[in-house]
Amino acid sequence: MSGAALGIEIVFVFFLALFLLHRYGDFKKQHRLVIIATLLAWYLCFLIVFILPLDVSTTIYNRCKLAVNSSPAESNGSYVTLAPSKQKCFKPWSYIPNGIMPIFWRVVYWTSQFLTWILLPFMQSYARSGGFSITGKIKTALIENAIYYGTYLLIFGAFLIYVAVNPNFNLQWNQLQTIGIAAANTWGLFLLVLLLGYGLVEIPRSHWNGAKRGYLLMKTYFKAAKLMTEKADAEENLEDIMEEVRKVSESIKYNHPLRKCVDTILKKCPTEYQERMGRNMDDYEDFDERQNSYPSEKSLVKLHKQVIYSVQRHRRTQVQWQILLEQAFYLEDVAKNETSATRQFVHTFHSQEPENKIVQYFYTPTVEWYWECLLRPWFYRVLAVVLATFSVIVVWSECTFFSTKPVLSLFAVFIQLAEKTYNYIYIEMACFLTIFFLSICVYSTVFRIRVFNYYYLASHHQTDAYSLLFSGMLFCRLTPPLCLNFLGLTHMDATISHKNTQPTAYTSIMGSMRVLSFIADGFYIYYPMLVVILCIATYFSLGTRCLNLLGFQQFMGDSEMTSDLIDEGKELIRREKRKRQRQEEGENRRREWKERYGNRDDSTRNRAVHTDQKESSFTETNASRPLSKYTRSNGRTERDRIELLQDAEPLDFNADSVNDDPLESDSGRFQRGGRYLSMSRSKIFDDV
């Protein structure tokens, strides 16, 4: 099993990162380099989280062997320093041979740092550029990142000058490397505490509120009102941009030097706009540079960038609106089925996607009713309590992990108790659950936050390239300080535990933070305590209230604006529901029409064709008769009339009061509940 656990986790984490990227990105439409760079960034960050528990267990075993070798008087092999009991050192099942982990961490860490500080910022500017060639996009990306890179070079140069002038500093290359790592981790820790303080409160609270059906439905109505506003704004913006594209397309003709740029812009437009612009364009008209004023290439680059942004935003809002409608319809179905006496879940609308037969066999309407109406709320409540307990332990440990005598950090207590008995399974599970919970709190906040329309991770393949690359940058900057914080909570970091023991391979790559004592003994110790203040602010929704006061509508139960948006969203959902019901009723009527009159029309058509064949043969034998052409014409007219009747559909002038079986009798065609309006005297003005 030596190294097998490492290989299994490497493969598993790769497919996990690939699955998440497939959910948020679009492999077909987005550039391959964007997909590869984002996948590599996510994969390396997730890999650090999953591999670090194996590093901890391997380090504990190496400490045990080191203690045995350093104390030959105790031939029984007990761990003198950390485990005074008389047990021997047992090799963990996931033991990784010496020399592998340092190389592994060095490759993973420096690759992630290269991505987050150099490659991904450059690719962000490249992806947002509206250039028409690779050279133009690279040039734009270099110009935009000149200030970004220049700022860091200026800070680093000032620091080098300070070190060179000050005689108290005698830094070597290893110490200079450690200072660079410490600077990057300090920036990451600053952002980490902010995101962690929000996630520790919001994740348990969201699961607790998930058990409240009324709360979820009201919040869905609120989201519907906001999304409709965004959707209308996206449509209006797209119309304005397409109007500019139309003007440019009509002014720049086929033989203009910039026509290739215009064709590139037209390819990025939706299909309906491309067809509309193609009909209104006359390619045979030559351009006259003296009479018309043509846009420059710089303006076309700007227009190209606006087209890419507006089309992607319009597509995203359309998809999100359909997803939100399905969610609202389902929550309304759950509210209706809670009082069902049959205890079978009934859907208002059938699923548009074909369901798996295996799922249909096991997940029956009865099972669905018990899960959605009875078990799921209690499951969410229990899960919320468990997550809240973890959050309290994390907050307590963040405030007390610097205390070594006595040990107050609960995570350190758990690890040290397991270390005495060499229970490596328990050590790895405790480490994995701890760092996994911390990662969920931080990473989920990254997926939730939204910076206007510049950064927004939208599921169902609706995330743009800029947001994907930005998320990769955040992950690469947050993961190293997150792991160091975890090692500090468990006292596996010698800087925190103040013990002269063998460090983990991950800590050895980071270097000793004693080079900068004010960071090691000050910032790393006391800054994580601010998580308490952030948790309190998140619990009382101070950030939400501030955004609401600034004009950004947020979901707040005691706000009048929230109530108005809920009512507006409820009306929008009701309108869409009636629209979909009319569509399904129309499809049902078409199906009934074909089932009821399809065979009759087929037989009528066959008889008409047979009669036409007889008439044509009769016409061939009696070609001299002048009435033969009228016979053929009448047969053709009869056949056309039959085909027209077969394809005809009755108009639905009264869609709100239709009947499922409108053609039971001849008189039913003229009843109010049928497909036509009522022609009786008593009900002729009912719809007025």
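**Aromatic pairs and ring contacts**

I searched the whole structure, a predicted model, and found 32 aromatic pairs. I counted rings of Phe, Tyr and Trp (its six-membered ring) as paired if their centres lie within 6.5 Å, with planes under 30 degrees apart taken as stacked, over 60 as edge-to-face and the rest as tilted.

I looked up tryptophan 42 and phenylalanine 475, an edge-to-face pair at 5.7 Å centre to centre with 65° between the planes. This pair links distant parts of the chain, 433 residues apart: tryptophan 42 is in helix α2 (residues 32–70) and phenylalanine 475 in helix α14 (residues 465–489). Helices are DSSP runs (H or I, at least four residues), numbered from the N terminus.

I checked accessibility next, with buried meaning under 20% relative accessible area, exposed over 50% and partly exposed in between (1.4 Å probe, protein chains only). Tryptophan 42 is buried at 0%, and phenylalanine 475 is buried at 0%.

I then took phenylalanine 379 and tyrosine 380, which are edge-to-face because their ring centres are 6.1 Å apart and their planes at 80°. Phenylalanine 379 is partly exposed at 45%, and tyrosine 380 is partly exposed at 21%.

I noted one aromatic cluster formed by Tyr24, Trp42, Phe46, Tyr443, Phe447 and Phe475.

I also looked for charges over rings (NZ of Lys or CZ of Arg within 6 Å of the ring centre and within 35 degrees of the ring normal). Arginine 128 has its charged end over the ring of tyrosine 466, 4.6 Å from the centre. Arginine 450 lies over the face of tyrosine 456, 4.2 Å from the ring centre.

Residues are numbered from 1 along each chain as its sequence is written, and side-chain values use heavy atoms, without hydrogens and water. Local features need pLDDT of at least 70 and side-chain atom pairs count only at pLDDT 80 or more, while totals for chains, interfaces and linings use all residues.

Definitions and conventions. Helix = DSSP H or I, 4+ residues; strand = E, 2+ residues; numbered from the N terminus.
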